[in-house]
Amino acid sequence: IAGTYWYGFTGMSEDASANFKVELRKNGSLVNNSTRAYSHTIAYSHATTMGFITLAASDYLEFYNAVAPLHSYYGQGSFQLVA
């Protein structure tokens, strides 16, 4: 459905010795740098990002783990149509 959506992501890396970076991608491409969540902390890094994005009916979104895998117990992504 076309409209404005709220998105949110929080998560933690699976690897205790790696940085963590998650990107919001629209139709397979990075939306912009403000949709990235990145942590420079090494010990089980965690990161959060949220905001609003306008989508057409045929658009799709995904949270992409760009550096380390997401921990299987600590991660959540959400999308909600708001307007």
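Which residue takes a positive phi in the hairpin of S2 and S3? That residue is Asn27, with a phi near 55°, and the hairpin has two residues between its strands. Keep in mind as you look around that this is a predicted model. Let's start with the rings and then return to the strands.

**Aromatic rings**
- Across the whole structure, a search turns up three aromatic pairs.
- In one of them, the ring centres of Tyr7 and Phe63 are 6.5 Å apart and the planes meet at 55°, so this pair counts as tilted.
- Tyr7 belongs to strand S1 (residues 3–13) and Phe63 to strand S6 (residues 61–65), so their pairing ties together parts that are 56 residues apart in sequence.
- Phe63 also pairs with Phe9: here the centres are 5.1 Å apart and the planes are at 40°, so this pair is tilted too.
- Tyr7 is buried, with a relative accessible area of 4%, and Phe9 is buried at 6%.
- One aromatic cluster is formed by Tyr7, Phe9, Phe63 and Phe79.

**A charge over a ring**
- Arg25 places its charged end over the ring of Tyr64, 3.7 Å from the ring's centre.

**Strand S2 and its partners**
- Strand S2 (residues 20–26) has six of its seven residues buried, so the rest of the structure largely encloses it.
- S2 pairs with S6 in the antiparallel sense over five bridges, and Leu24 stands opposite Phe63 there.
- S2 also runs antiparallel to strand S3 (residues 29–30), joined by two bridges.
- Lys26 has Ser29 in S3 as its bridge partner.

Technical notes: Residues numbered from 1 in each chain as written. Predicted model: local features only at pLDDT ≥ 70, side-chain atom pairs only at ≥ 80, totals over all residues. Heavy atoms only, no water. Phe/Tyr/Trp six-rings, centres within 6.5 Å; stacked < 30°, edge-to-face > 60°. Helix = DSSP H or I, 4+ residues; strand = E, 2+ residues; numbered from the N terminus. Buried < 20%, exposed > 50% of the residue type's maximum accessible area, 1.4 Å probe, protein only. Lys NZ or Arg CZ within 6 Å of the ring centre and 35° of its normal. Pairing = 2+ DSSP bridges.
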